[in-house]
Amino acid sequence: MKRKIYVFDTTLRDGEQVPGAKLNLEEKLDVAVQIAKMKVDMMEVGFPSSSQGDFEAVKAISEKIGQEVCIAALGRAVEADIDAIYQSIRKAQDPLIHIVLGSSELHVSKKLQKTPEQIIEIGAASVKYAKQFLPKVQYSLEDASRSDFEYMWKTIEAVVKAGATIINIPDTVGYAVPEQFGNLIYRINDRLKNLDPNVILSVHCHNDTGLATANTLAAVRNGADKVECTVNGIGERAGNTSLEEVVMGIKLHEDYYGGYTTIDTAKIYETSRMVSATMGLDVQVNKAITGENAFAHSSGIHQDGLLKSKDVYEIMDPETVGAPPMELVLTARSGKHAFLYVTKRLGFEIPEEHFPEVFEKFLQLADRKKEVYDNDILTLFKCCPNVK
Ligand code: KIV
Ligand code: ZN
């Protein structure tokens, strides 16, 4: 039986940490409403103790969409942060307190300047404190992918005993590679399911070497129940796991992963465009799933294959993600087949005996212009007396 993989969107928390992407309250509300349309399972919408503005935004979002989706907010393992989280999300129907504390040697001794034992105590105490307010508490072991395994496990045992309901394993600096990260998740999952099978195992990957999606999928294959991601993969430095990539990766390979998400994938494209426009962050043209060229085909061989059967070169119908239909971009490499397809679509009939001459004119134009659009074809045919 396939299991459900929970999708936790952090566009408005980790995504909003991108320099230059700061949103005002209205914009945050609009983005939250749009993301909720995709039917994400959980949405992290801010770090309420960081500023009054963030607190107000988290509160306003909770009040606006907190009846439809589980709202989460982040804070450190300190009481003041947890108080701020609770006060900002308490009106939501199913709120989640998210606590983060480092677990790697670098975090424990250099950043936090504590002993490993002290960190475990602080972490467990913070979970206990949070549990007084709400039943759902997520604990993130920051920099988990560079942490000592046995130390990490001791921390997990302590925070689960204190009441954590979700354990999140972040690859905070995008250091992991898929086989290794998958193995780490396998080992944690193996022990966690014995410790408490109801605890959700989550992953949160960064994209510093372009592996966030691959690492997340490797984690799902090895037992992760929940994936953290952002729309368009925005986030600190090189970003987070991209929601659209990981969701479509799972959807295309549900048997392999033994799981599925309940994301309304048809809302992905419009959400990607909306987040990009509101945050002022362009989507790269060749971005998987949502880039302008994601469903554009320009080489003659590919165009010919597609015109015979779409699935020769398309692994998903653009409609599945709500994107415009596939586009054939005519270039000097386009074959006759693609040229005829476009000219017919535009309503032209080229008599067979004149086809070589017209096609030659098209090739000359394509050599000059590189890409030939519908308007160029219309202009070309104005000068062709033999075409109706
Ligand atoms: O990257 C990270 O470690 C985080 C945690 C708060 C999950 O963003
Ligand atoms: Zn992060």
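**Group meeting talk: a barrel and its surroundings**

Good morning. According to the UniProt annotation, from an unreviewed entry, residues 5–269 carry the label "domain: Pyruvate carboxyltransferase".

The model is predicted: local features need pLDDT of at least 70, side-chain atom pairs count only at pLDDT 80 or more, and totals for chains, interfaces and linings use all residues. Residues are numbered from 1 along each chain as its sequence is written, while chains are lettered from A and ligands numbered from 1 in the order in which they are written.

Let me begin with the whole chain. The secondary structure comes to 15 helices and 12 strands. Helices (H or I, at least four residues) and strands (E, at least two) are DSSP runs, numbered from the N terminus. Along its principal axes, the C-alpha trace spans about 85 × 40 × 40 Å. Of the 388 residues in the protein chain, 44% are buried. A residue is called buried if 20 or more other C-beta atoms lie within 10 Å of its own, exposed if 12 or fewer, and partly exposed in between, with C-beta atoms placed from the backbone.

Within the annotated span, residues 5–269, 45% is helix and 17% is strand, and the end C-alpha atoms lie 21 Å apart.

I turn now to the barrel. Which strands close into it, and in what order? There are eight, in the order β2-β3-β4-β5-β6-β7-β8-β9, and the pairing is parallel. From one strand to the next, the twist averages 25 degrees. Two strands are said to pair if DSSP finds at least two bridges between them, and angles such as these run from 0 to 180 degrees between N-to-C directions, with axes being lines fitted to C-alpha atoms, for helices over the stretch in contact.

Consider strand β5, residues 96–102. Is β5 largely enclosed or open? Seven of its seven residues are buried, so β5 is largely enclosed by the rest of the structure. Both faces are covered, with L96, H98, V100 and G102 buried on one side and I97, I99 and L101 buried on the other. With β4, strand β5 pairs in the parallel sense over five bridges, and A73 has I97 as its bridge partner in β5. The chain passes from β4 through α3 to β5 in a right-handed β-α-β crossover; right-handed means that, with the strands pointing away from the viewer, the path from the first strand over the helix to the second runs clockwise. With β6, strand β5 pairs in the parallel sense over six bridges, and H98 stands opposite Q138 in β6.

Two helices lie across these strands. Helix α3 (residues 79–89) lies across β4 and β5, at about 160 degrees to β4. Helix α5 (residues 116–131) lies across β5 and β6, at about 170 degrees to β5.

Leaving aside neighbours within four places in sequence, I99 is in contact with several residues, including A77, I82, V127 and Y139; contact means C-beta atoms, placed from the backbone, within 7 Å.

Next, the region around β8 and β9. These two strands pair in the parallel sense over three bridges, and S202 has K226 as its bridge partner in β9. Where does G223 lie? G223 sits in the loop between α8 (212–221) and β9 (226–229). Just after α8, G223 takes a positive phi of about 115 degrees. G223 is buried, because 20 other C-beta atoms lie within 10 Å. Helix α8 itself is mostly covered, with nine of its 10 residues buried.

Finally, two further loop residues. Most residues other than glycine have a negative phi. N232, in the loop between β9 and α9, has a positive phi of about 65 degrees although it is not a glycine. K370, in the loop between α14 and α15, also has a positive phi, about 75 degrees. Are they buried or exposed? N232 counts as buried, because it has 27 C-beta neighbours inside 10 Å. K370 counts as exposed, because it has 11.

Conventions:
UniProt positions renumbered as here; feature names shortened; annotations may be inferred.
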